[in-house]
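Dear colleague,

I am passing a structure on to you, together with some notes on what was found in it. Please look through it first and then read on.

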Amino acid sequence: MSAASSVPGQALASAHRERLRTLLGASVTFDEPLAPKTSMRVGGPAAAFAVIRDVATLVAVLKFCVAESIAWTILGLGSNVLVRDAGFAGLVIRLAGAFTMITVNGTTVRAGGAAPMVAVCREAAKAGLTGAEALVGVPGTVGGAVRMNAGTNVEIGELIRAVEVVIAGEEAQTCTLPEFTYRNSTLDRRAVVCAAELVLGVHDSAGVHKKLLQHIERRNATQPLELPNSGSIFRNPPGDYAARLIETAGCKGMRVGGAEVSHKHANFIVNRGGATCADVLALIDQVRDTVERRHGVTLELEVHLL
Ligand SMILES: Cc1cc2nc3c(=O)[nH]c(=O)nc-3n(C[C@H](O)[C@H](O)[C@H](O)COP(=O)(O)OP(=O)(O)OC[C@H]3O[C@@H](n4cnc5c(N)ncnc54)[C@H](O)[C@@H]3O)c2cc1C
């Protein structure tokens with residue numbers, strides 16, 4: 001149904017819980033609700049949820065998952081993820097601490113995998129660096145943006161010179177430069193983005209700030225940001241826009257339970273309150289069927305299903 005959002009494996013057993021507690025102490029919790037950690041606010045709990053703040057711990061935890069064949073995934077700010085109502089039976093990892101650092105050196109911005117894109121854009125603007133302004137409204141982390149090749153006028157892949165990763169099962173962090181395609185990258189499925197280096201251009205700081213504000217205003221005017229959502233649900237098909245196809249198929253306002261196709265932006269589904277993941281998935285199916293009947297185009301999901 002969508003690009004894989006997790007590395008497959010077995011569910012967490014009670015012996016695994018004990019071992020994770022030993023490895024992570026208070027940084028791991030069990031049966032942790034995931035809905036509040038995603039922008040759509042739907043879905044069930046993670047069997048285990050770990051907040052990891054340094055590379056050494058990340059390497060150790062991923063080695064444990066590989067050795068025990070435990071299903072795992074990495075969650076950024078959850079702005080492109082739909083969590084199933086049953087939740088996730090393995091380990092969900094969220095990066096924090098050292099992974100949120102942003103440093104500027106000349107025209108290079110090095111940002112941790114958990115740094116929010118908005119913070120990266122603000123730091124770049126402060127330093128008078130241009131090129132990333134359009135990404136200010138992407139409400140996710142650098143890691144999520146690299147995995148998804150997030151973009152609007154510019155895609156993050158166009159700005160990236162290097163990506164620091166830990167590949168699950170390997171001993172140390174390595175450097176890579178994946179290929180970037182529309183809302184995707186060749187980044188190894190087992191790779192966790194620890195940091196990325198972006199190379200930007202030079203401009204005056206006030207001018208860059210002005211462009212940031214313009215991008216934020218445009219989003220406020222065109223996107224239903226007042227309600228929980230997960231951004232664009234479908235990828236744009238070649239040469240067209242999913243929003244145009246959905247709107248002209250008459251889907252705006254279509255509703256299942258608490259999930260509704262936004263009146264403001266047809267490629268957004270909003271949670272009007274009390275929506276379940278099943279509501280959102282049923283609505284996705286209805287929209288896809290309606291667009292297919294009306295336009296003969298099969299829409300593909302952009303959002304990742306966990
Ligand atoms: C209001 C709104 C507007 C949006 N506008 C845009 C837009 O203009 N352009 C656009 O491209 N997207 C947009 N999005 C979608 C989303 O913000 C981006 O895809 C974003 O890059 C996801 O980042 P995240 O941290 O939230 O990742 P998540 O949603 O948490 O995860 C997305 C995927 O990335 C993986 N991932 C997360 N962190 C890492 C990491 N450190 N290492 C490896 N893999 C990782 C996850 O496992 C998952 O597969 C929008 C979303 C919303 C809600």
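Buried area is the accessible area, taken with a 1.4 Å probe, that two parts lose on being put together, summed over both. With that in mind, domain 1 and domain 2 bury about 1,400 Å² between them, and 75% of this lies on carbon and sulfur atoms.

This is a predicted model, in which local features need pLDDT of at least 70 and side-chain atom pairs count only at pLDDT 80 or more, while totals for chains, interfaces and linings use all residues. Residues are numbered from 1 along each chain as its sequence is written, and side-chain values use heavy atoms, with hydrogens and water left out.

The protein is divided into domain 1 (14-95), domain 2 (99-221) and domain 3 (242-305), with bounds that come from an automatic or database domain assignment. The centres of domain 1 and domain 2, taken over C-alpha atoms, are 24 Å apart, and the contact (heavy atoms within 4.5 Å) takes 16 residues from domain 1 and 19 residues from domain 2.

Across this interface the rule finds 1 salt bridge, that is, a side-chain nitrogen of Lys or Arg within 4 Å of a carboxyl oxygen of Asp or Glu. Lys-63 forms a salt bridge with Glu-171, and their closest N and O atoms are 2.7 Å apart. On the side of domain 1 that touches domain 2, helix H2 (55-67) and strand E3 (72-74) each supply at least two residues, where helices (H or I, at least four residues) and strands (E, at least two) are DSSP runs, numbered from the N terminus. The largest share of that side, 6 residues, comes from H2.

Best wishes
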